[in-house]
Amino acid sequence: MTHTLHRRGTAESLSEDYIMVMLPAIGINDSGYIPKSQEFLRIALRHEPKNMGSMSKGNMFRYKPEEVVAGARGIVHAVYDNPQTVTQVLKELKEADLGLSVVVSGIFDSVDECCQKAGLKRHTVNIWLAPWWRKQKPGQRLLKLRLKS
């Protein structure tokens, strides 16, 4: 599960909140990851993200975008505020075929539509159930859900 699932707000306030995260699977597709993560950020930058960064360098609120790209070494991310841009970024990432996982967080129906318009089929759905599980009584176990599409 990604920490981006823990965003809170109304459907309206979250409708302008799209987070894209790219990461390797260690030992599977991490070879040559650094130039691929930098290419992800270059693609992201062409679409004017509200924020972008990497775990190793930080984000564009602290560094110039070019410095963020050059210093990318870990999980990388970009944040957008509209589905049209997300669709365009996904199309460009599909064309780049970097061979790495990209997670898009946002309102499910909107993200799903972005994927469809970009010619992609969603792979996995994660749903945060925090308001529900917080109501558990002491000693109760958490319910784990596995969703298949």
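Strands β2 and β3 form a hairpin, with three residues between them; helices (H or I, at least four residues) and strands (E, at least two) are DSSP runs, numbered from the N terminus. The model is a predicted one, in which local features need pLDDT of at least 70 and side-chain atom pairs count only at pLDDT 80 or more, while totals for chains, interfaces and linings use all residues. Residues are numbered from 1 along each chain as its sequence is written, and side-chain values use heavy atoms, with hydrogens and water left out.

Taken as a whole, the protein chain has six helices and five strands. Along the sequence these follow the pattern α-β-α-β-β-α-β-α-β-α-α. Of its 149 residues, 35% count as buried, where buried means under 20% relative accessible area, exposed over 50% and partly exposed in between (1.4 Å probe, protein chains only). Among contacts with a separation of 6 or more, 65% come from residues 24 or more positions apart; a contact means heavy atoms within 4.5 Å.

Now for the sheet. Its five strands make an open sheet in the order β3-β2-β4-β1-β5, with antiparallel pairing. β3 (58–59) and β5 sit at the edges with a single partner strand each, so one side of each has no neighbour in the sheet. Two strands are said to pair if DSSP finds at least two bridges between them. β2 (residues 51–54) and β3 pair over two bridges, and Ser 54 has Gly 58 in β3 as its bridge partner. On to β4: β2 pairs with β4 in the antiparallel sense over four bridges, with Val 79 in β4 as the bridge partner of Asn 51.

Strand β1 (residues 18–23) has five of its six residues buried, so the rest of the structure largely encloses it. It pairs in the antiparallel sense with β4 (residues 76–80) over five bridges, and Met 20 stands opposite Ala 78 there. With β5 (residues 101–105), β1 again pairs in the antiparallel sense over five bridges; here Met 22 faces Val 102.

Back in β2, Asn 51 and Gly 53 point one way while Met 52 and Ser 54 point the other way, and all are buried. Met 52, in strand β2, counts as buried because its relative accessibility is 0%. Leaving out residues up to four places away in sequence, Met 52 touches a list of residues that includes Leu 41, Leu 45, Pro 65, Val 68, Val 69 and Ala 78. Leu 41 is 11 residues away from Met 52 in sequence, and the two are 7.3 Å apart in space, C-alpha to C-alpha.

Helices come next. Helix α2 lies across β1, β2 and β4, running at about 10° to β4. α4 packs on the sheet as well, touching β1, β4 and β5, and its direction makes about 20° with that of β1. Axes here are lines fitted to C-alpha atoms, for helices over the stretch in contact, and angles run from 0 to 180 degrees between N-to-C directions.

The two helices also meet each other. Two packed helices are described by the angle between their axes and the distance between the axes. For α2 (residues 33–46) and α4 (residues 83–96), the angle is about 150° and the axes are 10 Å apart. Phe 40, Ile 43 and Arg 46 in α2 meet Val 89, Glu 92, Leu 93 and Ala 96 in α4. These residues divide into five nonpolar, no polar and two charged; Ala, Val, Leu, Ile, Met, Phe, Trp, Tyr, Cys and Pro count as nonpolar, Asp, Glu, Lys and Arg as charged, and the others, Gly among them, as polar.

Gln 38 is also found in helix α2, and at 16% relative accessibility Gln 38 counts as buried. Its side chain reaches the backbone oxygen of Val 69 at 3.3 Å. Neighbours within four places in sequence aside, Gln 38 is in contact with Val 69, Ala 70, Ala 72 and Arg 73.

After α5 comes Gly 119, with a positive phi near 80°.

Notes. A polar contact is a pair of N or O atoms within 3.5 Å; within protein, one must be able to donate a hydrogen and the other to accept it, and residues adjacent in sequence count only if both atoms are side-chain atoms.
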